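This report describes how the parts of one protein chain are arranged. Please look at the sequence and the model before reading on.

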Amino acid sequence: MVPELIAATYITEYTIQFCFADGVVADVDLKDELWGEVFEPLKDVEVFKSFTFDKELNTVTWTSGADFAPEFLYERASAKASTAEDGVSRR
């Protein structure tokens, strides 16, 4: 089943906070994912932070055509949320 993304909020630089319907909430740094032709424009922070939360597509999108699969975002967010719950910081 595809996880339902219910909100996405820009935090800083290449980090977006993702909130999922099952309660998973985490700040995810996507800097290392910005490679390849469609993602190159997002290396400009001003372009990166201009994403749109597309409820129909269940993900964040950019005018360049870039987006991330909701499953990928959920995997990254749930890993961060699990780490935070365990009291271990990844910073």
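## The sheet and its hairpin

Ile16 stands opposite Val28 in strand β3, and Phe18 stands opposite Ala26 in β3. The model is predicted, so to speak of local features requires pLDDT of at least 70, side-chain atom pairs count only at pLDDT 80 or more, and totals for chains, interfaces and linings use all residues. Residues are numbered from 1 along each chain as its sequence is written, and side-chain values use heavy atoms, without hydrogens and water.

Strands (E, at least two residues) and helices (H or I, at least four) are DSSP runs, numbered from the N terminus. Two strands pair if DSSP finds at least two bridges between them. Strand β2 (residues 15-20) and β3 run antiparallel and are joined by five bridges. Four residues lie between the strands of this hairpin, where Gly23 takes a positive phi near 100°.

The open sheet has three strands in the order β1-β2-β3, with antiparallel pairing. Because β1 (5-12) and β3 stand at the edges with a single partner strand each, one side of each has no neighbour in the sheet.

The two faces of β3 (residues 25-29) are listed below.

| Face of β3 | Residues |
|---|---|
| Covered | Ala26, Val28 |
| Uncovered | Val25, Asp27, Asp29 |

## The whole chain

The protein chain holds two helices and five strands, in the pattern β-β-β-α-β-β-α along the sequence. Of its 91 residues, 33% count as buried, that is, under 20% relative accessible area with a 1.4 Å probe, protein chains only.

Terms used
Buried means under 20% relative accessible area, exposed over 50%, partly exposed in between (1.4 Å probe, protein chains only).
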